[in-house]
Amino acid sequence: MFEIFKEHHHRTKQILLLARTELLKTYKGAFLGTGWAVVKPVFTLFVYWFAFEIGFRAGGTVGDVPRFMFMLTGYVPWYFMQDAILFGARSIRANRQFVIKMAFPVSTIMTFVLLSKLFVHLGLMVPTLAYVFIAGYLPTLHSLQFFLFMPLMFIFFLMLSWSTAPMSAFSLDFENFINSLMTGLFWLSGVMWDAGAVGGRIMPWIMRLNPINFLVDGYRCAFVYHQWFWERPYGVASALIFLGEMILVAALGMFNYNRLRKRLPDVL
Amino acid sequence: MLEAQKSPCRSDEPVIVFKNVSKVYTLYRNNKEQFLALFHQSKKLRKHRALDHVSLEIYPGESVGIVGNNGAGKSTLLKMITGVTFPTGGEVNVRGRVSALLELTAGFSTELTGRENIYLKGYLLGLNEDQIKEIEADVVAFAELEDYIDQPVRTYSSGMKMRLGFAININTNPEILVIDEALSVGDATFQRKCNAKIRELIKGGVTVIFVSHAAGAVKDICTRAIYLKRGRKIYDGNVDEAVALHGATK
């Protein structure tokens, strides 16, 4: 049952070294190197902002937050989530040499791959926060919530990869299935628009079921709303829903990992 | 007391125990079958039995040869000892640090330097930082890579990579050494150095599992041999006998 925890025991240094390798692999041989980790999301975000502000003429503010500020604080955590979902699912197949050529704690593959993405996220947070502060949203005590939501986000998607990575390693169909979900996931979540403002009786609850919304809202609470997450409308309920989903994802992850682990070397 | 006297060299607990071990590979005919196998394991799929109820015990300090034709199950057996693959039936127990001279360059990260790779591979083999520090100099010297050790491994020639891989594997003080006869590391001089090192380890009491097609090499190194045929253990014991059996059925 707790195979995954056993595999991580006493392996901190190994995991950190492999996370570094993963970063090097991603950005090697480019003049800008890790700079691309910043350039790429900044450019994409600019395109989205352009489409909203200039294209849809839907600039102005979201609530009382300027559109760009709103998008930025949503897109930066989303950028991690997107990488975590995609590269998390691919991680075992991409590192198959560890699985088929040596005795390897396979579940640590997901950990070091996602850690490397977390490093990128933390690097991205530096210019993001610089902009946020310069634009007048100075840090308050609420900003400390970052140290709750950032680890929560990491752990949630790590546990999700316990299911998706072995399944994707087993069958490429599953990996393609995940790839094709991504765009939908992005636009159905409140990254670019305000999920808290949807009308109706049922729709707001559907929005609250989406863990991406909970995490993105947490980031905004920390840096632009300057509110505690439980002070948000239905904040406590949303947190409890997320907690429940987290437990479910963890249980499914352990189940799927344990059931597929020993079959992996034979199919990769 | 009597028991112990009967086999004085086998007074210890076995380091490797196979209890009725079978390995059945599922052969997926297409991607659809493999996808569906994610959700339930159909009984109708084609199977290949690579190992068939193999039981064996290997004791500390033994040098055991595994002989058999292609497809006899030698690789599968080795992969189970090294912990890469898992039995579908029965039980495998391995005590002690296993070092496999099979995939010498497996686990290297080409973006890291040679020195960093010593650490990486050391961690992978279950050593801690202090233990790796201790062997670091020996590894560098053995691999003859003094000038290049702080360069990224991607700049190494294949011979250099092999040398580094061999040097790490052999210097981690393994308790069980798994060797494939097809192993070749660089030029003749280095190969001789490797052979000498392997012999030194054997003298030092390491347990050796040696896989080979060649009768000579097995007779040379091993004190016991196991003959496998189509996944079954046919013979286990005297080296000459096993080699003769293998030769007779070729």
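In which helix of chain B is Leu77(B) found? In this predicted model, Leu77(B) belongs to helix α3 of chain B, which spans residues 74-82. Leu77(B) has 28 other C-beta atoms within 10 Å and is therefore buried, the cut-off for that class being 20 or more. Beyond its neighbours within four places in sequence, Leu77(B) contacts Leu51(B) and Ile66(B). The C-alpha atoms of Leu77(B) and Leu51(B) lie 7.7 Å apart, although 26 residues separate the two in sequence.

Chain B contains 9 helices and 9 strands.

| Property of chain B | Value |
|---|---|
| Buried share of the 250 residues | 38% |
| Share of contacts with a separation of 6 or more that join residues 24 or more positions apart | 71% |
| Box filled by the C-alpha atoms, along the principal axes | roughly 55 × 55 × 35 Å |

For 250 residues, a compact globule would have a radius of gyration near 18 Å, and the 20 Å of chain B agrees with this.

A helix pair in chain A is considered next. Two packed helices are described by the angle between their axes and the distance between the axes. Helix α7 (residues 146-170) and helix α8 (residues 172-188) of chain A have axes that come within 5 Å and cross at roughly 125°. The helices α7(A) and α8(A) are therefore oblique to each other. On the α7(A) side, Thr164(A), Met167(A), Ser168(A) and Phe170(A) meet Phe174(A), Glu175(A) and Ile178(A) of α8(A). By class, this contact comprises 4 nonpolar, 2 polar and 1 charged residues.

Methods: Residues are numbered from 1 along each chain as its sequence is written. Chains are lettered from A and ligands numbered from 1 in the order in which they are written. This is a predicted model: local features need pLDDT of at least 70, side-chain atom pairs count only at pLDDT 80 or more; totals for chains, interfaces and linings use all residues. Helices (H or I, at least four residues) and strands (E, at least two) are DSSP runs, numbered from the N terminus. A residue is buried if 20 or more other C-beta atoms lie within 10 Å of its own, exposed if 12 or fewer, and partly exposed in between; C-beta atoms are placed from the backbone. Two residues are in contact if their C-beta atoms, placed from the backbone, lie within 7 Å. Axes are lines fitted to C-alpha atoms, for helices over the stretch in contact, and angles run from 0 to 180 degrees between N-to-C directions. Angles under 35 degrees count as roughly parallel, over 145 as roughly antiparallel, 65 to 115 as roughly perpendicular and the rest as oblique. Ala, Val, Leu, Ile, Met, Phe, Trp, Tyr, Cys and Pro count as nonpolar, Asp, Glu, Lys and Arg as charged, and the others, Gly among them, as polar. The radius of gyration is taken over C-alpha atoms; the globule rule is 2.2 Å times the number of residues to the power 0.38.
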